Amino acid sequence: MCLFQCMMNYFPEEVLDHVFDFLSSHRDRNAVSLVCKSWYSVERFSREKVFIGNCYAVNPERVLARFPRIRSLTLKGKPHFADFNLVPHDWGGHVYPWIEAMAKNGINLEELRLKRMVVSDESLELLAKSFPNFKSLVLVSCEGFTTDGLAAIASNCRYLRELDLQENDVDDRKGQWLSCFPESCTSLVSLNFACLKGEVNMAALERLVARCRNLRSLRLNHAVPLDSLQKILVQAPQLTDLGTGSYVHEPDSETYIKLKNAIQKCTSIRSLSGFLDVHVQCLPAIYPICTNLTSLNLSYAPGIYSNELMKLISHCMKIERLWILDTIGDTGLGVVASTCKELQELRVFPSDLYGVGNAAVTEEGLVAISAGCPKLNSILYFCQQMTNAALITVAKNCPNFIRFRLCTLNPTIPDAVTNLPLDEGFGAIVKSCKGLKRLSVSGLLTDQVFLYIGMYAEHLEMLSIAFAGDSDKGMLYVLNGCKKLKKLEIRDSPFGNVALLADIGKYETMRSLWMSSCEVTYGACKSLAEKMPRLNVEIINEGDQIEASPDARQRVEKMYLYRTLVGPRRDAPDYVWTL
Amino acid sequence: MAHENELNFKATELRLGLPGTEISAAKNNNKRASPEENGSKCVISSVKSSTENETAPEPKAQIVGWPPVRSYRKNNIIQTKKTENETGIYVKVSMDGAPYLRKIDLKVYNGYQELLKALETMFKFTIGEYSEREGYKGSEYAPAYEDKDGDLMLVGDVPWNMFMSSCKRLRIMKGSEARGLGCGV
């Protein structure tokens with residue numbers, strides 16, 4: 001036993017506890033808890049923030065038993081492909097049992113962060129009434145609640161600091177939820193209701209902002225007009241993060257001039273988003289704050305066309321995170337490349353979702369960015385076309401990618417110049433980017449690309465595959481090679497039973513595997529489920545595709561498997577079978 | 001030849017896609033082509049230029065979940081697309097002495113220089129040098145426009161964006177009338 005180990009064993013638990021306080025990352029804490037029984041014990045009593053990547057991997061009772069001092073819970077529900085309509089709405093991911101269990105156990109919950117979960121008004125009401133110190137609610141891509149639930153939160157959470165609603169599907173009951181914040185509420189630091197569709201009481205909003213002197217982050221929805229924005233900014237020049245609502249007004253008006261003056265005083269704004277509706281003539285008002293911006297999200301502003309976009313971006317020299325639409329064009333990306341030397345994360349979203357034929361970006365834009373932005377480490381790029389040569393150049397220019405997601409609008413398009421598959425291009429990316437953790441591939445791809453991924457992507461944790469590969473070999477290369485793989489999601493690819501069953505132990509080292517429109521059969525899934533009791537193998541069987549006692553050779557349309565400590569879930573709808 | 005008299009079923013067949021294109025065979029049988037949940041149509045519009053070369057992607061029927069964009073984003077981009085003026089800002093252009101008028105889309109141009117060059121080409125004339133003091137010197141033409149209030153204004157005085165939103169029609173004036181307008185008093 002080494003000296004260090006001996007010394008640590010002699011430290012009283014209070015000291016260990018104090019040392020563990022410095023560990024904030026759940027991965028570090030997980031590692032520490034595996035060292036020995038004593039460390040496990042100290043760690044579990046000291047952990048306040050718990051992260052659960054798959055809400056069905058465990059249940060509330062077990063979590064609370066292990067971490068009785070929990071104050072912050074993060075939960076993720078539906079599989080990622082649910083974002084793209086591949087998972088039926090009532091598949092699951094309900095938060096209510098978690099809130100109920102915590103309420104029953106007298107947990108002092110302060111923070112709840114949910115992603116892709118179903119949140120009912122009932123849950124929000126229970127949440128609001130059960131935890132007197134509740135401070136922070138963050139909901140991302142959730143559904144199932146209405147503004148009535150938000151009213152309950154506003155009314156009851158006396159010390160609420162953060163209400164952050166990102167891209168949720170909320171039923172707007174037009175019931176004045178925002179007016180439910182009592183006059184005594186002055187604790188808000190962050191308020192984001194950009195995804196709500198209905199109106200809020202402007203006077204109530206302005207008063208709320210005026211009395212919350214610690215407000216740092218405010219993201220408004222479409223219904224908040226520019227003149228209200230102006231009044232709000234006058235009250236809150238200390239903001240660091242602003243999401244405008246509707247940005248439409250006569251540029252010659254007094255309101256606009258007042259807005260210009262108000263914005264100029266907001267010298268702390270580092271993050272800007274919104275412009276859901278925009279008059280480009282009003283954009284110059286924000287130029288003064290552009291020079292300080294580190295984060296800019298214009299991906300919901302198709303009203304800002306290419307020239308205006310370029311003008312705006314030419315002011316943003318310190319940008320580190322940029323989300324835009326492909327209306328920016330390759331030329332616009334050239335402007336980004338020459339201006340934004342601090343750029344770390346870029347997302348280029350498609351503006352044309354129905355194939356109308358608007359101009360998009362191509363490999364040229366991507367190459368320009370890679371050449372101009374040395375700090376780039378994360379990219380999501382929807383493009384019209386791509387070439388191997390471009391990807392090889394990008395790989396050479398940017399070896400630091402952590403996340404690389406490329407999405408060709410035509411999912412099986414070959415190299416635009418050579419007509420070959422894009423295997424070599426992606427191969428270059430995985431070979432060069434030794435720290436790559438997340439990868440999405442698209443375009444014409446054979447098994448070869450997966451050979452490269454298995455060979456080189458040593459740190460890869462998440463891989464998304466669509467319309468790619470030729471045979472089981474492709475999937476096998478990945479499963480055998482990527483030792484750190486946590487999430488694998490595959491659609492419309494010819495991978496079947498041989499690949500699925502080759503290394504069933506692997507799935508216990510992963511969070512989940514999704515396969516839809518592939519070649520796996522019912523029999524293979526059943527066999528896998530039988531051999532691996534600590535996996536839930538779910539078949540999503542919409543539209544009576546499989547009869548009551550299906551043939552083993554029948555192809556399964558959608559399979560989702562995940563490791564779990566608690567067996568099959570009891571809240572699955574009829575059409576989800578856990579084998 | 002007998003086959004020429006046959007009914008051309010292929011030509012009259014109802015299917016998805018542009019006329020003259022074939023839907024490419026699915027890469028494998030698994031590819032689904034069902035319409036999206038939010039009721040979008042399967043047909044790709046005819047805006048796609050017919051000059052696209054052979055290697056360009058063929059218009060496909062909509063694939064569920066492709067491109068992989070969150071439904072929230074999809075629904076909200078549609079909303080704002082409605083309010084965005086996708087259609088151009090078309091204004092009539094008249095030239096003194098010309099037999100008929102033309103129409104141009106102001107959105108196509110990045111600024112006055114491009115606009116004036118386009119007008120010069122369209123009507124085959126030259127516009128002089130612009131100066132704030134003296135208007136357009138060096139030719140007998142002056143570009144003017146009618147603004148929201150119905151006044152006849154000289155092109156070039158206000159910022160481009162303001163011009164775009166206030167210009168109702170363009171008029172290329174000629175001769176002494178033009179000189180009168182262009183003269184900065």
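Modeller: Of the 185 residues in chain B, 37% are buried, where buried means under 20% relative accessible area, exposed means over 50%, and partly exposed lies in between, computed with a 1.4 Å probe on protein chains only. This is a predicted model, in which local features need pLDDT of at least 70 and side-chain atom pairs count only at pLDDT 80 or more, while totals for chains, interfaces and linings use all residues. Residues are numbered from 1 along each chain as its sequence is written, chains are lettered from A and ligands numbered from 1 in the order in which they are written, and side-chain values use heavy atoms, leaving out hydrogens and water.

Biologist: Why is B:Val93 called buried?

Modeller: Its relative accessible area is 0%, so B:Val93 is buried by the limit of under 20%. B:Val93 sits in strand 1 of chain B, and, leaving aside residues up to four places away in sequence, B:Val93 touches B:Leu101, B:Arg102, B:Ile104, B:Leu119, B:Phe123, B:Leu170 and B:Ile172, where contact means heavy atoms within 4.5 Å.

Biologist: In what order do the strands of the open sheet in chain B stand?

Modeller: The 5 strands of this sheet in chain B stand in the order 2-1-7-5-6, with mixed pairing.

Biologist: Why are strand 2 and strand 6 of chain B said to stand at the edges?

Modeller: Strand 2 (102-105) and strand 6 (152-154) of chain B each have a single partner strand, so one side of each is left without a neighbour in the sheet. From one strand to the next, the twist averages 35°, with angles running from 0 to 180 degrees between the N-to-C directions of axes, which are lines fitted to C-alpha atoms, for helices over the stretch in contact. Helix 4 (residues 112-123) of chain B packs on the sheet, touching strands 1, 2, 5 and 7, and its direction makes about 155° with that of strand 2 of chain B.

Biologist: What makes strand 5 and strand 6 of chain B a pair?

Modeller: Strands pair if DSSP finds at least two bridges between them, and strand 5 (residues 141-146) and strand 6 of chain B have 3 bridges in the antiparallel sense, so they meet the rule. Here B:Tyr145 stands opposite B:Met153.

Biologist: Which residues of helix 4 of chain A are buried?

Modeller: In helix 4 (residues 37-46) of chain A they are A:Trp39, A:Val42, A:Glu43 and A:Ser46. They cover an arc of only 100° around the axis, which puts them on the same side of the helix, the arc being that of the directions from the helix axis to the C-beta atoms.

Biologist: Which residues touch the most other members of the largest nonpolar core?

Modeller: Within this core of 190 residues, they are A:Tyr247, A:Phe404, A:Ile453, A:Leu500 and A:Tyr507. A nonpolar core is a set of buried Ala, Val, Leu, Ile, Met, Phe, Trp, Tyr and Cys residues joined through side-chain atoms within 4.5 Å. A second, separate core of 25 residues includes B:Val91, B:Ile127, B:Tyr141 and B:Tyr145.

Definitions and conventions
Helix = DSSP H or I, 4+ residues; strand = E, 2+ residues; numbered from the N terminus.
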